[in-house]
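These are my notebook entries on a two-chain model. I looked up the interface, then the sheets, then a few single residues.

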Amino acid sequence: MTKIKAILDEYGIINKAAKDLPKDLWDSLILALAELEDNECHRTGTFPVTRLHKIRGIKEAIYRADIDKISGWRLHLQYIDKILHLKDIICGDDHDRVIEVVKSKRGRYEK
Amino acid sequence: MEVEFQVTSRFEKDMEQFSPRDQEIIENKINFFARAFEENPAAIHVYSHKIHFPFLLKPGLTPSLQVLKVSKDIRLIATFDSDPIFDQVIITLLACVRHDQYEREFLKIAEQLYEQVLLNENQEDEAHDEN
C-alpha cells in the first residue's frame, strides 16, 4: 500500500465541499486528496494533479492545491508538524491575486 | 535548505532605474538577507523597517512582507517565506525604491498582495466590537 501523508479535516472542508463543490468535480476532489496523501509525491516534491505550492506573502505554511485547473476550484491547506490540515475550499470564481513573477533563480540572486 | 528567488516584473523595472554600482549593492544585499533568513527566519526582522501594517488579515495569518534597508537611500520590498513541504525558502522580490517612496509603495503592494486574505469589513467591525 502507498505510504500515506496524514491529512486532517478539523474544519469540515470535505463536508463543505459536499454542499458547495459542483458534482462534476467530486472525482477531481478525490484525486486531489489522494495526491496530497501520497508520500511519494511529498518525497519527490512533484504534485502534477494539484500543482501544490506555498502561498507567498504569508508567514504560516499555507499552501494552495488545485481541485480543477480549468474551473479554478482549489483547496487551501496548512502544514503543521508534518501533517496537512485542510483549511478552506475556494470557489473557482474567486481568483487569487497573481504576482507577476518573470523569473526564478535558485541559490544566489544575480541580475 | 535551498533558496528560491522569485523576481517580479515590477522589481526588474525598478532595478533598471539604478546605476550599475547601485544594482551591485542591491544584489549583494539581497544575497546577504537570503543567507540571514535561511539561517534564522526570525533574524530578518533585525534588518526590516518597523512599518505599520494597515490591514487586518484573516485570523491565524501573518504577513511576511518586509521593507529592508539596502543602503542609506535604497529600500527593498520583498516577502520571505519558509516552505517546509519543498524544503526551501522563497524570497519574492517585489520592488526596489528610494527611501522617500517606500511607505507609499509598501501600501500599494500590500493592498495588491493581500486582497484575497484581508478581513472583510463585517468581520473587522465584529473584531472591534469584541475588543
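Conventions, noted before going on. The model is predicted, so local features need pLDDT of at least 70 and side-chain atom pairs count only at pLDDT 80 or more, while totals for chains, interfaces and linings use all residues. Residues are numbered from 1 along each chain as its sequence is written, chains are lettered from A and ligands numbered from 1 in the order in which they are written, and side-chain values use heavy atoms, with hydrogens and water left out.

**Entry 1: the interface**

I listed which elements of chain A supply two or more residues to the side that touches chain B: strand 2 (53-54), strand 3 (62-66) and strand 6 (101-106). Strands (E, at least two residues) and helices (H or I, at least four) are DSSP runs, numbered from the N terminus. Strand 6 of chain A gives the most, with six residues. By class, this side of chain A has 12 nonpolar, seven polar and 14 charged residues. For the classes, Ala, Val, Leu, Ile, Met, Phe, Trp, Tyr, Cys and Pro count as nonpolar, Asp, Glu, Lys and Arg as charged, and the others, Gly among them, as polar.

In contact terms (heavy atoms within 4.5 Å), 33 residues of chain A meet 42 residues of chain B. The two chains bury about 3300 Å² between them, with 55% of it on carbon and sulfur atoms. Buried area is the accessible area (1.4 Å probe) that two parts lose on being put together, summed over both.

I counted four salt bridges between chain A and chain B. The rule asks for a side-chain nitrogen of Lys or Arg within 4 Å of a carboxyl oxygen of Asp or Glu. One of them joins A:Arg106 to B:Glu2, with the closest N and O atoms 3.3 Å apart.

Strand 6 of chain A also pairs with strand 1 (residues 2-8) of chain B, antiparallel, over five bridges. Two strands pair if DSSP finds at least two bridges between them. In this pairing A:Lys105 has B:Phe5 as its bridge partner.

**Entry 2: the sheet of chain A**

In what order do the five strands of the open sheet of chain A run? The order is 1-5-4-3-2, and the pairing is mixed. Strand 1 (7-8) and strand 2 are the edge strands, each pairing on one side only. Strand 3 and strand 4 (residues 74-80) of chain A pair antiparallel over five bridges, and A:Ile62 stands opposite A:Gln78.

**Entry 3: strands of chain B**

Strand 2 (65-69) and strand 3 (74-83) of chain B are antiparallel over five bridges. B:Leu65 has B:Thr79 as its bridge partner, and a hairpin of four residues joins the two strands.

Is strand 3 of chain B enclosed or open? Nine of its 10 residues are buried (under 20% relative accessible area; exposed is over 50%, partly exposed in between; 1.4 Å probe, protein chains only), so the strand is largely enclosed by the rest of the structure.

**Entry 4: single residues**

B:Asp87 sits in the turn of the hairpin between strand 3 and strand 4 of chain B, with a positive phi of about 50°, although it is not a glycine. Its relative accessible area is 46%, which is partly exposed. A:Arg51, likewise not a glycine, has a positive phi of about 50°. A:Arg51 lies in the loop between helix 3 (39-44) and strand 2 of chain A and is partly exposed at 44%.

The loop between helix 3 (44-47) and strand 2 of chain B holds B:Phe53 and B:Ser64. B:Phe53 is buried at 18% and touches B:Pro63, B:Phe106, B:Ala110 and B:Tyr114, not counting residues up to four places away in sequence. B:Ser64 is buried at 1%. Leaving aside neighbours within four places in sequence, its contacts include A:Gly57, A:Ile58 and A:Lys59 from chain A, and B:Tyr114.
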